[in-house]
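Student: I have a new structure to read. Can you take me through its features step by step?

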Amino acid sequence: FNGQARRTAEEAGPGVEPGEPIDAEQAAKILEIDVGELFTASEIMDAEEFVQSDNPVVRSAYKRILMLNVGQKAILAMKGGREERIILVRDTNKLVALGVLKNARITEGEVEIIASMRNVSEEILRNVGLNREWSQNYAVGANLVRNPRTPPSLSTNFVARLNNKDLKLLCADRNVPEIIRRMAKRTFELRTQKSAISFRKK
């Protein structure tokens, strides 16, 4: 998402606070979407983690989110704080989950965590990997490659960027697709061969 998208998210719904009661038509207007999108199923994946969290702020945020409709959750995703973002990015409704990535306050540290999550949709991981700014972050790329939920068509773009230590670990990681393990092995072997040739020339 570019800067313009983030500014739009930050300014969404002037005078409307996250969680404030609004009807579907008003929410659709604020979010600039078709009202029908607000009636798609919405639930938090692996929500039990938040129910049992040791952090009372996280538990409280989750309880508040349970009381919201899809439109309210989507607005909260774009305007809420860190706790709300880390919960809502797991929403099965892509409108809500993608709203987190449009939040002007999201940090690279959060994006690194999201890139490693196995309980977010492939679309979230794809959007993270296609973001020009975030994709330049080594930890983001490495987490996407190690995440079995990342589409191989995306994670293959980051294998060559990994250092030798991470490549060796990836070669033995049975959680990632075989195509990724093979690519990691081939990349590591090529680097090793080049290093050996360079050493012999010296």
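This is a predicted model: local features need pLDDT of at least 70, side-chain atom pairs count only at pLDDT 80 or more; totals for chains, interfaces and linings use all residues.

Student: Let's begin with charge. What is the general idea behind a salt bridge?

Tutor: Side chains of opposite charge can pair when their charged atoms come close.

Student: How many salt bridges does the structure hold?

Tutor: The structure has 7 salt bridges. Let's go through some of them. Asp 91 and Lys 73 form one, with N to O at 2.9 Å.

Student: Which parts does the pair of Asp 91 and Lys 73 tie together?

Tutor: Asp 91 sits in the loop between helix 6 (82-88) and helix 7 (94-101), and Lys 73 sits in helix 5 (residues 70-79), so the pair links parts 18 residues apart in sequence.

Student: Is Asp 91 buried or exposed? And Lys 73, buried or exposed?

Tutor: The cut-off for buried is under 20% relative accessible area. Asp 91 has 1%, so Asp 91 is buried. Lys 73 has 7%, so Lys 73 is buried too.

Student: What about a salt bridge inside one helix?

Tutor: Take Arg 126 and Glu 122. Their closest N and O atoms are 3.9 Å apart, and the two form a salt bridge. Both are in helix 9 (residues 122-130), and they are 4 residues apart, which means about one helical turn separates them.

Student: How accessible is Arg 126, and how accessible is Glu 122?

Tutor: Arg 126 has a relative accessibility of 32%, so Arg 126 counts as partly exposed. Glu 122 has 40% and is also partly exposed.

Student: Where would I look for another pair in a helix?

Tutor: Go to helix 14 (residues 178-201), where Glu 178 and Arg 182 are 4 residues apart, or about one helical turn. Their side chains form a salt bridge, with N to O at 3.2 Å. Glu 178 is partly exposed at 48%. Arg 182 is partly exposed at 46%.

Student: Now the helices. How do I read the way two of them pack?

Tutor: Start with the angle and the distance between axes. For helix 8 (residues 108-116) and helix 9, the angle is about 135 degrees and the axes are 9 Å apart. The two helices are therefore oblique to each other. Their crossing is left-handed.

Student: Which residues make the contact between helix 8 and helix 9?

Tutor: Helix 8 supplies Val 111, Ile 114 and Ala 115, and helix 9 supplies Ile 124, Leu 125 and Val 128. By class, that contact has 6 nonpolar residues, no polar ones and no charged ones.

Student: At what angle does helix 8 pack with helix 11?

Tutor: Helix 8 and helix 11 (residues 138-146) pack at about 10 degrees, with axes 7 Å apart. That angle makes the two helices roughly parallel.

Student: Which residues meet between helix 8 and helix 11?

Tutor: From helix 8 come Val 111, Glu 112, Ala 115 and Ser 116. From helix 11 come Ala 139, Val 140, Asn 143 and Leu 144. The class count for this contact is 5 nonpolar, 2 polar and 1 charged.

Student: Last topic: single residues. What do I check?

Tutor: Check place, accessibility and neighbours. Ser 155 is in helix 12 (residues 152-159). Its relative accessibility is 1%, so Ser 155 counts as buried.

Student: What does Ser 155 touch?

Tutor: Set aside residues up to four places away in sequence. Ser 155 then touches Leu 144, Val 145, Thr 150 and Ile 180.

Student: Where does Gly 99 lie?

Tutor: Gly 99 is in helix 7. Gly 99 is buried, at 3% relative accessible area. Beyond its neighbours within four places in sequence, Gly 99 is in contact with Ala 77, Met 78 and Lys 94. Gly 99 and Arg 85 are 14 residues apart in sequence, and their C-alpha atoms are 8.8 Å apart in space.

Student: And Ser 60, which helix holds it?

Tutor: Ser 60 lies in helix 4 (residues 56-66). At 34% relative accessibility, Ser 60 is partly exposed. Ser 60 and Glu 84 are 24 residues apart in sequence and 9.9 Å apart in space, C-alpha to C-alpha.

Notes
Residues are numbered from 1 along each chain as its sequence is written. Side-chain values use heavy atoms; hydrogens and water are left out. A salt bridge is a side-chain nitrogen of Lys or Arg within 4 Å of a carboxyl oxygen of Asp or Glu. Buried means under 20% relative accessible area, exposed over 50%, partly exposed in between (1.4 Å probe, protein chains only). Axes are lines fitted to C-alpha atoms, for helices over the stretch in contact, and angles run from 0 to 180 degrees between N-to-C directions. Angles under 35 degrees count as roughly parallel, over 145 as roughly antiparallel, 65 to 115 as roughly perpendicular and the rest as oblique. A crossing is left-handed if the near helix is turned anticlockwise from the far one by less than a right angle, and right-handed if clockwise. Contact means heavy atoms within 4.5 Å. Ala, Val, Leu, Ile, Met, Phe, Trp, Tyr, Cys and Pro count as nonpolar, Asp, Glu, Lys and Arg as charged, and the others, Gly among them, as polar.
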